[in-house]
2 protein chains.
Amino acid sequence: MTQTQIVQCVPNISEGRRLDVVEKIVDQVRQTEGVQLLDYSSDHDHNRTVITYVGNLASVQEASFRLTQEAVRLINMEEHQGAHPRIGAVDVIPFIPIEGLTMKECVEGATALAKRINHELKVPTYLYGEAATKIVRKNLSTIRKGNYEGLKGSIQEEARHPDFGEPKMHETAGATVVGARMPLVAFNVNLGTSKKEIADIIARNVRERNGGFKNVKGMGVALEERGEVQVSMNLEDYQSTPIYRVLETIRREAARYGVPVVGTELIGLVPQQALLDVANWYLQLEGFDSNQVLENRLR
Amino acid sequence: MTQTQIVQCVPNISEGRRLDVVEKIVDQVRQTEGVQLLDYSSDHDHNRTVITYVGNLASVQEASFRLTQEAVRLINMEEHQGAHPRIGAVDVIPFIPIEGLTMKECVEGATALAKRINHELKVPTYLYGEAATKIVRKNLSTIRKGNYEGLKGSIQEEARHPDFGEPKMHETAGATVVGARMPLVAFNVNLGTSKKEIADIIARNVRERNGGFKNVKGMGVALEERGEVQVSMNLEDYQSTPIYRVLETIRREAARYGVPVVGTELIGLVPQQALLDVANWYLQLEGFDSNQVLENRLR
């Protein structure tokens, strides 16, 4: 049984108002063989659309290229206004390994796409996340500093040179960031207390910024109607920093205040493996293989 | 997104020695559109082959019919010898709901197949498991009592009349049992002691037969090389009697002897839902839907 290869791709494009333009761009994904469009949503204020699709690496690369080609044709950054940080018609293209391939393969795929976009469409491209060639570019905000308008004025500075292409913005499409990252798991833990300060303290204790777990961002939130509080988190690498370890740490920290965990929430999509890892850990399984999941044996 | 419908089917046929015959029968499954053959294995001593395939209800019905037609053509029960209980060329055809359909729909599908096999192939058919029309026939062993040879002599007794067809065995193919059941989960819990009597006691405490959980069969086993013992179980309905409840009960029972759970094992294939239920329970999730699993959004 050959394993399915699944890459998720979530490009952000700088158009969220002219919905006919959005449709033409999304159509490029719909028309690419082997790719499945999962979702797209446009935000008027941000003037931005987030598109989600999956497929094997080659078909996701192809869909992403075609989408970029169409966006470059239809979006003029000189006329673009919107609240969200952005540097180009296609602002950022993250590749996310879901199943059947390594992060390294995703990085190679993203890098090849960045090269092709520059070569064929003359848009300067940057690499970020796991695909970054410089440590400071791991973080998207470093690359996007100053937005389209600011980058236009500073792209000739050596520190801001693109990874592919001349240090010069595309006349209408600006620049594009391509990269690879792990899937985010949005995970919230609800605590049986109305004292928000307890959620704040625990969020600080478990998040990377304050000495907690790597790959964890978190904050305290009051759930006023429920009379409870929440530690609201993004887990940015569920393999290195798994859900159960974060939950059990929060459970222990909350117990120090006599506060119980009353429930948790997973928001949006979650890779199957993140949940199989949870089952595996709590069941103390020996020698379990995700190929034992019946559904994973199906083509 | 339409949900995939997955029915698993695991027919047992009374041929495990003439492998060319087995291949011809299995070919019927291979050639049925919409069905995926997952496994088949022949046992020489039992002179029996177990075939596993999946698909939607209609395609699994069709594959099962064609398989039966070929087995009826190629297997002569008058010449069959083998250790395993059996009453016909195709001994038993269980339908197992995995995803996207109810047990009731599986029962209806199995019943329609039993009717068709009798109508077109003139083999008397019995319904068992969840499809049984009489309580005593829920259990396969009641129907198979006396095997092919015994049933041949007693099929005219009213208690042994088939559900479909005249009370008379097919001249060469005998009779066939069709039915529906939940998927089995083979789950073992390893205990940190070498005292087998502790595994025996706990197996008795958790299994249905001695007053434990419904749908649980279990026994104690010594794992001599590891110096440990095991509660070895079949969970026959993971929805009503979930893995985590059985594990946590065993953990509690073992603690009464000061014995820890050192590990567990899942043997063979497991429906994804059984493991999502585990993750859901231990994480204390609120409002989780298996459609949030990214892979489940793929066609």
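View 1. On the side of chain A that touches chain B, at least two residues each come from β1 (6-9), β3 (35-43), β5 (90-99), α7 (243-255), β11 (261-267) and α8 (272-283), the helices (H or I, at least four residues) and strands (E, at least two) being DSSP runs numbered from the N terminus. This is a predicted model, in which local features need pLDDT of at least 70, side-chain atom pairs count only at pLDDT 80 or more, and totals for chains, interfaces and linings use all residues. Residues are numbered from 1 along each chain as its sequence is written, chains are lettered from A and ligands numbered from 1 in the order in which they are written, and side-chain values use heavy atoms, with hydrogens and water left out. Across the interface of chain A and chain B the rule finds two salt bridges, a salt bridge being a side-chain nitrogen of Lys or Arg within 4 Å of a carboxyl oxygen of Asp or Glu. A:R226 forms a salt bridge with B:E286, and their closest N and O atoms are 2.8 Å apart.

**View 2. The area buried between the two chains.** Chain A and chain B together bury about 4,000 Å², of which 58% is on carbon and sulfur atoms; buried area is the accessible area (1.4 Å probe) that two parts lose on being put together, summed over both. In chain A, the residues that lose the most area to chain B are A:L283, A:E286 and A:L294, which together make up 18% of what that side buries. The contact, defined by heavy atoms within 4.5 Å, takes 43 residues from chain A and 44 residues from chain B.

**View 3. The axis that relates the two copies.**

View 4. A:E228 is found in strand β10 (residues 228-235) of chain A and, at 17% relative accessibility, counts as buried, where buried means under 20% relative accessible area, exposed over 50%, and partly exposed in between (1.4 Å probe, protein chains only). The side chain of A:E228 makes a polar contact (2.8 Å) with the side chain of A:R226. Leaving aside neighbours within four places in sequence, A:E228 is in contact with residues including A:N190, A:L191 and A:V262.

**View 5. Two loop residues with positive phi.** A:N215 lies in the loop between α6 (196-206) and β9 (216-223) of chain A, has phi near 70 degrees, and counts as buried at 15% relative accessibility. B:K122, in the loop between α3 (103-121) and β6 (125-129) of chain B, has phi near 60 degrees and is exposed, with a relative accessible area of 57%.

Note on methods
A polar contact is a pair of N or O atoms within 3.5 Å; within protein, one must be able to donate a hydrogen and the other to accept it, and residues adjacent in sequence count only if both atoms are side-chain atoms.
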